[in-house]
Amino acid sequence: MNPLPKEIEEEIQSFSPEVEAEIDRHIAKYPVKRSAILPIMFIVQRERGYLDAAGIAYIARRLDLTITDVWEVATFYTMINLKPVGKYHIQVCRTLSCQLLGAEKIVEHISKRLGIKPGETTPDGRFTLSWVECLGSCGTAPAMQIGFDYYENLTPERVDEILDSLKE
Amino acid sequence: MRIEAIGCEPLLLARFNLENSRSLETYRRHGGYEALRKALTTMSPDDVINEVKKSALRGRGGAGFPTGTKWSFVPKDSPKPKYVVCNADESEPGTFKDRYLMERDPHMLIEGMLIAAYALGARTAYCYTRGEYKYLIDIMDQAIEEARAAGLVGERILGTDFSCEVYTHTGAGAYICGEETALLNSLEGLRGHPRMKPPFPAVAGLYGCPTVVNNVETLCAVPWIIMHGGDAYRSLGTEKSGGTKLWSVSGHVKYPGVYELPMGYDDMEKFIMEDCGGIPNGRKLKAVIPGGSSVYIMRAEDIIGKDVRMDYEGLVAAGSMVGSGGFIVMDDTVDIFESTKNLIEFYKHESCGWCTPCREGTDWLVKAFKRIARGEGRPEDAQLLLDLCDNIEGKSFCPLGDAAAWPIQSAIKRFPEDFKRHLLPLAEQERVPAVA
């Protein structure tokens, strides 16, 4: 394997034994290690906030892949964040059933309240707002996810309650 | 949101309202894993495949391919390991049935996967679930562990010679991975690009080994079929479309939800206007997309008073398709140009970039739709949009291209008035009344 840039080499560290064991459990599910790449990307993202260059290098080393192998997968999937996102990543569904029931109003309301447009993060790093495609919440539209948590049948009032309930 | 069976005894929804419906204990108390026991102890793998063939069960993910036939394509003499893969990448806009099957009754899916694995000689089964459904992956993992502890997953299941591992796997936000060969690439840790067919997955699928990929709802129907027989299942529906089907209903209806109907339910008007409570706020029905966003849009006039039968043949006769059974209902406030624009933006975002017609075509379509939406439409744009669709449909590497073209083609053909208005010079657009 080619040597890594020094600053990345220094940053690649093992995770805690628990996280390493979690990663091992994923790898053990498949006859080919590489299959575990997406589950591991989610774990690295959870631990580091997003998938940065050091995280990519870590996965490459862990799965015996090249850096390029990992990048090409990381850049394909929209749920893999290659840039930092806020502590709370608000993802509002924009696809048809949600649009029919007022998704735009929901995003306008959040934008106004947080002072950010879709694609932006608040200066304190607390919130990122994104439009996303169909979340499979069409029957409970309009809907959003914050991180992995679903919030459905949204109204501006309900959005306020949800945002108020989030911890600092 | 409602979840209920109409016109039949609940089959897939049978345990949905029980307390702790997702626990192994509840599942077993209501007959769970008895079909697996029956298959393992009284039936040969071929018997299982034949029973599924007799049932006329067809793939519930969208393509509607006969499940038993798909299973029979797996070569029996292959020395390679075989795989069962459950497609839980539910991402077709308007579709959310699999989500509730996994949320409320995960053991039904695990049992279906195990029976399929037994029929096909597989010792490993994966459940590929879309990344957004993380909470369902957690539910499935918990159910698998429960089943393993009870000797239902792993070595020598129920004391027989049959051993099978069941694992969950996560996607990461790519619609294309619902296409079975793209799903397999993704499961192998690659970009989710579709593969050339043939070879079909039944011959060379996961890791180049014989593989069957089935939708969640399809696999969930299998335990009932094995328990009660293929003929009994078929008789719930029609000759060619056996059993029951879940329909996800969203948009402008009073009671959106997941409804289980017998195949051949008669008829679509009654379903929308009565079973789903009709159109709220005193509005009128304008359009329905009945099978997930990829199928042809239907006009109200082609539904009301037309006795549209809800099965594969009935919907084709009515000018659309069953697809994934995702009903998107639109009232007369909706501008079909706008709703179509919303969908083509979805397809552009989800085009995987592998083939030129789909990658470039969906991009050009979005550009044209955006220009028209800015008020820069020209009368010849309707033909331009159709030409762009024609350069995608049937010419893309996988069905995503067709899925992007069909909603536009059918919308322009069936709602020309909504497009014409946008294609007038801006000053004139204001003189033509917009939709109600």
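User: Is B:Glu360 buried, exposed or partly exposed, and why?
Analyst: B:Glu360 counts as partly exposed because its relative accessibility is 32%. Buried means under 20% relative accessible area, exposed over 50%, and partly exposed in between, with a 1.4 Å probe and protein chains only. Keep in mind that this is a predicted model, where local features need pLDDT of at least 70, side-chain atom pairs count only at pLDDT 80 or more, and totals for chains, interfaces and linings use all residues. Residues are numbered from 1 along each chain as its sequence is written, chains are lettered from A and ligands numbered from 1 in the order in which they are written, and side-chain values use heavy atoms, with hydrogens and water left out.

User: OK, and where does B:Glu360 lie?
Analyst: B:Glu360 lies in helix 14 of chain B, residues 356-376. Helices (H or I, at least four residues) and strands (E, at least two) are DSSP runs, numbered from the N terminus. B:Leu388 is 28 residues away from B:Glu360 along the chain, and their C-alpha atoms are separated by 9.7 Å.

User: Switching to B:Gly173. Buried or exposed?
Analyst: B:Gly173 is buried, at a relative accessible area of 11%. You'll find B:Gly173 in the loop between strand 4 (165-170) and helix 8 (180-187) of chain B.

User: What is B:Gly173 in contact with?
Analyst: Leaving aside neighbours within four places in sequence, B:Gly173 is in contact with A:Thr78, A:Met79, B:Gly131, B:Glu132 and B:Glu350. Contact means heavy atoms within 4.5 Å.

User: Now chain A. How many helices and strands are there?
Analyst: Chain A has eight helices and four strands. Along the sequence they come in the pattern α-α-α-α-α-β-α-α-β-β-β-α. Chain A has 168 residues, and 55% of them count as buried.

User: Which peptide bonds are cis?
Analyst: One is the bond from A:Ala141 to A:Pro142, with omega near -10°. A:Pro142 is in the loop between strand 2 (127-132) and strand 3 (144-146) of chain A. Another cis bond joins B:Pro198 and B:Pro199, with omega about 0°. B:Pro199 is in the loop between helix 8 and strand 5 of chain B.

User: And what about phi of A:Asn153?
Analyst: Phi there is near 50°, a positive value in a residue other than glycine. A:Asn153 lies in the loop between strand 4 (149-151) and helix 8 (156-165) of chain A, and counts as partly exposed because its relative accessibility is 46%. B:Leu158 has a positive phi too, about 55°, although it is not a glycine.

User: What lines the largest cavity?
Analyst: Its lining residues include B:Ile176, B:Trp354, B:Cys355 and B:Phe397.

Methods:
On a 1 Å grid over the protein atoms alone, a cavity is a set of points where a 1.4 Å probe fits but cannot get out, and a pocket is an open set with protein on both sides within 12 Å along at least five of seven lines; lining residues have an atom within 4 Å of a point.
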